[in-house]
Structure formats: C-alpha cells, structure tokens
Amino acid sequence: MTNPAPLKFLFGLMIVAAICGCDPRPRPSYRGLELIPVSGTVTLDGQPLVDAIITFTDTETRKLSYAKTDSSGYYELHFDKRAMGIMAGEKVVEMSMDRKILGFNSDAEADGEVTQEGVKPAKLPPDAIPACYNRKSQLRVNVSGDRNEYNFDLKSDCSTTSPS
C-alpha cells in the first residue's frame, strides 16, 4: 500500500500556490531606474489631437515610452504597462493615429473615449498627422528631470520643430 502523505502534501502545496496567486513569470524590477514623469498636450493646427499615440524613443537605446492622448490632447507617458514615466536622455517624439503598442492598445480596444458631455470626439484618419511628426519625425527633446511638461502645437505645414 502507498503512503498518501506525500501526495497530500503536494496537493496542499498546489492549493497554497493557487491561492497566493503565484505567477511563474518574472516581474520587472524598477529599482535603479530613475523614471521621470512626463506629460503634456498635443494640438494639430490649434485643435486637440484626440486618441493619438505619442512615443518618446531614446536615440541610443531605442527604448520608448508611450501614451495615448485624451479628448483634450492630454497625455502621460508610460514606461511599460506597469510603470509611468521615462528615463532621461535625448528622445525622438512621434505621433500616430494608428500605431499599435503591445500591451497598451489593440484592435479590441474601443475606438475612443466618451467625454463628460457623452459625445465621442471625432478620430482623425491614419494619415492626418504629417509624416514630419510621424514616421519621419524631426521632433526632439532632451528629458533630464528639470522639465516634466512637453506641449506640442503641431502645424500641418511642419513648421513646429520643438515642444513649447
């Protein structure tokens, strides 16, 4: 006859692991990272840029922080899906109406948000943002922690070259 004690112990261990919510995937460690909170607003020809994806990509490491603008063009940068902010350094800033970032936005996501008035703001078509602010962006910022707000008043003629 087999001793049932080891099986009971193993079964009990499995129950405890399930209750504790043990996740075998490693969690990122943010220790040692000096994340700087960055936010601002984006307008295009004086109108809020609604539901746009804004990315700040490091010119050396290519690591990016990202955000989605709200109905007033406001954004707050995400380092990843768990942490907010960005690391210091020179960044290329890009705006897009259709960029997809794994874990942040997806095709299953709603097409926009409803404002307090209950009206969903009109979403611009994918090509509404000029290439000079999108895939060929010339916008550059140097994030250092001395400044946490970067507002962009974009112009269709590409005359905006830096944040305000």
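**Reading buried rings, a sheet and a disulfide**

Biologist: Does Tyr75 count as buried or exposed, and what is its relative accessible area?

Modeller: Tyr75 is buried, at a relative accessible area of 0%. Buried means under 20% relative accessible area, exposed over 50%, and partly exposed in between, with a 1.4 Å probe and protein chains only. This is a predicted model, in which local features need pLDDT of at least 70 and side-chain atom pairs count only at pLDDT 80 or more, while totals for chains, interfaces and linings use all residues. Residues are numbered from 1 along each chain as its sequence is written, and side-chain values use heavy atoms, leaving out hydrogens and water.

Biologist: How many aromatic pairs does the structure hold?

Modeller: Rings of Phe, Tyr and Trp (its six-membered ring) pair if their centres lie within 6.5 Å; planes under 30 degrees apart count as stacked, over 60 as edge-to-face and the rest as tilted. The structure holds three such pairs. For Phe56 and Tyr75, the ring centres are 6.2 Å apart and the planes stand at 40 degrees, so this pair is tilted. Phe56 belongs to strand β3 (residues 53-58) and Tyr75 to strand β5 (residues 74-76), so the pair links distant parts of the chain, 19 residues apart. Strands here are DSSP runs of E with at least two residues, numbered from the N terminus.

Biologist: Which residue forms an edge-to-face pair with Phe56?

Modeller: That partner is Phe152, with 6.3 Å from centre to centre and 75 degrees between the planes. Phe152 lies in strand β8 (residues 152-154) and Phe56 in β3, so the pair ties together parts that are 96 residues apart in sequence. Phe56 and Phe152 are both buried, and for Phe56 the relative accessible area is 0%. Ring pairs link Phe56, Tyr75, Tyr150 and Phe152 into a cluster.

Biologist: What is the strand order of the open sheet?

Modeller: Two strands pair if DSSP finds at least two bridges between them. Four strands form this open sheet in the order β4-β3-β6-β7, with antiparallel pairing. At the edges stand β4 (64-68) and β7 (140-143), each with a single partner strand, so one side of each has no neighbour in the sheet.

Biologist: How many bridges join β3 to β4, and how many join β3 to β6?

Modeller: Five bridges join β3 to β4, and six join β3 to β6. Ile53 has Lys68 as its bridge partner in β4, whereas the partner of Ile54 in β6 is Met95. In the hairpin of β3 and β4, five residues lie between the strands, and Arg62 takes a positive phi near 70 degrees. Strand β6 (residues 89-96) pairs with β7 over four bridges, and Lys91 stands opposite Val141 in β7.

Biologist: Which residues of β3 point one way, and which the other way?

Modeller: Ile53, Thr55 and Thr57 point one way, while Ile54, Phe56 and Asp58 point the other way. Six of the six residues of β3 are buried, and the strand is described as mostly covered.

Biologist: Which cysteines does the disulfide join?

Modeller: A disulfide is a covalent bond between the sulfur atoms of two cysteines. The rule applied is a pair of cysteine sulfur atoms within 2.5 Å, and the count comes to one disulfide. Cys132 is joined to Cys158, at 1.9 Å from S to S. Cys132 lies in the loop between β6 and β7 and Cys158 in the segment after β8, 26 residues apart. The link is left-handed, with -90 degrees about the S-S bond.

Biologist: What is the relative accessibility of Cys132 and of Cys158?

Modeller: Cys132 is buried at 16%, whereas Cys158, at 31%, counts as partly exposed.
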